[in-house]
Amino acid sequence: MIELTNVTKKFGNMTAVNNLSLHIEKGSLTMFIGPSGCGKTTTLRMINRLTPFDRGNIMVNGAPINDINPVELRRNIGYVIQEIGLFPHFTVFENIAIVPRLLKWEQKKIEQRIEEILELVTLNQSFAQKYPLQLSGGEKQRVGLARALAAEPEILLMDEPFGAIDPINRLKLQDSFLEIQEEIKKTIVFVTHDINEAIKLGDKIAIINEGNLIQYDNVSKILSDPANEFVENLLGQDRNIKALSLKKAKDYVLKDGFITVLDTESHESIEKKMKEKNIGIAFALDKNNHLKSRFVLEKATKIKKQKF
């Protein structure tokens, strides 16, 4: 669906993105995460040609994006940003209708689509005639998402869309967003600085540092086999237990298989059980079923304990 091959971008003498290659599958939700200034937003903006790349190639549906008219390309790619960018003098209806009108849709089709899309993002029809100043932060983000989806694009680019939302509403928006994605199955590239958000939402996670792609894999693989110390520090021991409580991450762990053991068992006993069952992960629980630590069977067939 989206293919980046040896993509490099420089700003003066600074390399923002360095020889980056990755393949994003159709219908998947891919999370870009890394420190501020690591190149994740630059990579996102290169996909829809808001930022030109210096070397390499980016293809969408098998076509090089530099061969596609940039206006036409962007009209077929939804874009959601943290600042949302709603026009304050337009109603919700008028904000959502912008791209369909640019595409010269008939008014009846626009009205029908906006009715559908408001329902999808769980806003009732009364919101259509409201102005952005009348909306909460969470409601504005839902309208921003509705606007990005209005013209039924195949691809959705999202740059920290929930970053400015308070923690409680952010969790609600994440849950709602997962439900929406289950229904629409768009190809989504989502930039975040929050590892918990990346684990909860992502089918795959691309970890970027100083313009370099450090690790790109599914959630369970990154959790169980971080590529290096940078990734381990990004995940954080204190965050592992939060990650395991997230529904999406739990689903991945269940797919790959694990065993549970008592935290009072010896390392030798745990290692033996893991080898007998050919399982790479064991979670140690106390007598109250509280998670205490994780054991990972490493390539050298020795287990490594990670406390929570």
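**Strands, core and cavity**

Modeller: Glu3 stands opposite Met59 in S4, where strands are DSSP runs (E, at least two residues) and helices likewise (H or I, at least four), numbered from the N terminus. This is a predicted model, in which local features need pLDDT of at least 70 and side-chain atom pairs count only at pLDDT 80 or more, while totals for chains, interfaces and linings use all residues. Residues are numbered from 1 along each chain as its sequence is written, and side-chain values use heavy atoms, with hydrogens and water left out.

Biologist: How many bridges are there between S1 and S4?

Modeller: Strand S1 (residues 2–11) pairs with S4 over five bridges in the antiparallel sense; two strands count as paired if DSSP finds at least two bridges between them.

Biologist: And what is the order of the strands in that open sheet?

Modeller: The four strands run in the order S2-S1-S4-S5, with antiparallel pairing. S2 and S5 are the edge strands, each of them pairing on one side only.

Biologist: Switching to the inside, which residues touch the most other members of the largest nonpolar core?

Modeller: Of its 50 residues, Ile96, Leu145, Leu156, Met158, Phe177, Phe190 and Ile205 do. A nonpolar core here is a set of buried Ala, Val, Leu, Ile, Met, Phe, Trp, Tyr and Cys residues joined through side-chain atoms within 4.5 Å. Apart from this core lies another, of 26 residues, including Phe32 and Val60.

Biologist: What does Phe177 touch?

Modeller: Leaving out residues up to four places away in sequence, Phe177 touches Leu29, Leu145, Met158, Phe162, Ile188, Phe190 and Leu201, contact meaning heavy atoms within 4.5 Å.

Biologist: Which residues line the largest cavity?

Modeller: Among them are Leu145, Met158, Phe162 and Phe177, along with Gln141 and Arg142. A cavity is a set of points on a 1 Å grid over the protein atoms alone where a 1.4 Å probe fits but cannot get out, and lining residues have an atom within 4 Å of a point.

Biologist: Which helix gives the largest share of that lining?

Modeller: H7 does, with four residues.

Methods
Buried < 20%, exposed > 50% of the residue type's maximum accessible area, 1.4 Å probe, protein only. 1 Å grid on protein atoms, 1.4 Å probe; cavity = no way out; pocket = protein on both sides within 12 Å on 5 of 7 lines; lining within 4 Å.
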